[in-house]
Amino acid sequence: MQTKPFRIGTRGSPLALAQAREARDRLMAAHNLPEEMFEIVVLTTKGDRITDRSLAEIGGKGLFTEELEQQLIAGDLDFAVHSSKDMPTILPEGLYLSAYLPREDIRDAVVGRTAPKLIDLPHGASVGSSSLRRQALIRRMRPDINVITFRGLVETRLRKLQEGQVDATLLALAGLKRLGKVDVITDILDPDNFPPAPAQGAICLESRIGDNRIDDLLAPINDSPTFDTVSCERAFLGALDGSCRTPIGGYAVCEGDQIRFSGLIITPDGRHHHAITIDGHRRDAAALGTRAGQDVRARAGSNFFEDWS
């Protein structure tokens, strides 16, 4: 019988805290446990501390997870809550993604100041984004737009926009929904034309391999369709060695026992890309994503990736 609170690791941003509380609340309901049985432990990561440079410049993915994972390995946390799109495809030895909460909307949202849609922005307008994927897709859509590196919390980016530093910015629709800020959205981008980051909109729980106590705790809140779609998308990333240094988009959709994946790789300038759509059985989700990534890599050729890092 568990007598002391389960320790949940998270970053301290408003969005990260909202995600940790959602995980806690789902566990409380699933196991009929009081709030006192869960302690949310806030840690600051390197990605939180360094906000004046792009993630690609300071090390890519893992910058928002390393401190949490060190505490997990040491046994000081029972599990950690992350935005799935922040997770490297290779995790530290002994850790794994043990559960996913039901996925929110996968799409990107536009928050426009001088026009509601990217297509309607003035010639030479500026758009703030730190995501190489978003930057490349913006340049594909509007080569005239000046893309400015824009990092920080959602609240920080919205403040910079209001101050007039840029004409628009892009944010994950899922994050704006979780923060109750959908009123700032001026347009929502079609994922067929503007594919999201793999795993966007999904909250994952990371824990120790072989910790049966925590596996039993988390299993009831694991959402099977999200697990399968994100596994497929992360396998696509893994086959491409995807990181914050690489402009990659992709998403999977479950329909019954089938899964369909659409993915894209694009050069940072937005001029060249390779896309793929593939479907198969959900039980083969990860293998499907790997096959899609290998196919795209083979078609693109090694020269396509030369300027990515």
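This note walks through some helices, a nonpolar core, ring pairs and a few single residues.

1. Ground rules. This is a predicted model, in which local features need pLDDT of at least 70 and side-chain atom pairs count only at pLDDT 80 or more, while totals for chains, interfaces and linings use all residues. Residues are numbered from 1 along each chain as its sequence is written, and side-chain values use heavy atoms, with hydrogens and water left out. Helices (H or I, at least four residues) and strands (E, at least two) are DSSP runs, numbered from the N terminus.

2. Helix H10. Start with residues 285-300, which make up H10. This helix has 16 residues. From first C-alpha to last it reaches 23 Å, close to the 22 Å expected at 1.5 Å a residue. The expected span is 1.5 Å times one less than the number of residues.

3. The buried side of H10. Which residues of H10 are buried? They are Ala-285, Leu-288, Gly-289, Ala-292, Gly-293, Val-296 and Ala-300. These residues cover an arc of only 135 degrees around the axis, which puts them on the same side of H10. Buried means under 20% relative accessible area, exposed means over 50%, and partly exposed lies in between (1.4 Å probe, protein chains only). The arc is that of the directions from the helix axis to the C-beta atoms. The cover over the buried residues of H10 includes helix H9 (224-239), strand S12 (258-266) and strand S13 (273-281).

4. The largest nonpolar core. A nonpolar core is a set of buried Ala, Val, Leu, Ile, Met, Phe, Trp, Tyr and Cys residues joined through side-chain atoms within 4.5 Å. The largest one here has 18 residues. Cys-232, Phe-236, Phe-261 and Ile-265 have the most contacts inside it. Two or more residues each come from H9, strand S11 (248-255), S12, S13 and H10. H10 gives the largest share, five residues. As background, nonpolar side chains in soluble globular proteins tend to be buried together.

5. Phe-236 and Phe-261. The whole structure holds three aromatic pairs. Rings of Phe, Tyr and Trp (its six-membered ring) pair if their centres lie within 6.5 Å; planes under 30 degrees apart count as stacked, over 60 as edge-to-face and the rest as tilted. Phe-236 and Phe-261 have ring centres 4.7 Å apart and planes at 55 degrees, so this pair is tilted. Phe-236 lies in H9 and Phe-261 in S12, so the pair ties together parts that are 25 residues apart in sequence. Phe-236 is buried, at 0% relative accessible area. Phe-261 is buried too, with 0% relative accessibility.

6. Neighbours of Phe-236. Contact means heavy atoms within 4.5 Å. Leave aside neighbours within four places in sequence, and Phe-236 is in contact with residues including Ile-248, Phe-261, Leu-264, Ile-276, Gly-289, Ala-292 and Val-296.

7. Helix H6. Residues 154-162 form this helix, and its buried residues are Val-154, Arg-157, Leu-158, Lys-160 and Leu-161. They span an arc of only 160 degrees around the axis, which puts them on the same side of H6. The buried residues pack against strand S5 (108-112), helix H5 (132-141), strand S8 (168-172) and helix H7 (173-178). H6 is followed by Gly-164, where phi is positive, near 90 degrees.

8. A charge over a ring. What does the charged end of Lys-160 sit over? It sits over the ring of Phe-150, 5.3 Å from the ring centre. The test is that NZ of Lys or CZ of Arg is within 6 Å of the ring centre and within 35 degrees of the ring normal.

9. Most residues other than glycine have a negative phi. Asn-32 has a positive phi of about 55 degrees although it is not a glycine. Asn-32 is in the loop between H1 and strand S2 (38-42), and is exposed at 70% relative accessibility. Ala-199 has a positive phi as well, near 75 degrees. Ala-199 is in the loop between strand S9 (187-188) and strand S10 (203-208), and is buried at 2% relative accessibility.

10. Val-147. This residue is in strand S7 (residues 146-148). At 13% relative accessibility, Val-147 is buried. Val-147 touches Val-127, Ser-129, Gln-135, Ile-138 and Arg-139, not counting residues up to four places away in sequence. Val-147 and Pro-268 are 121 residues apart in sequence and 11 Å apart in space, C-alpha to C-alpha.
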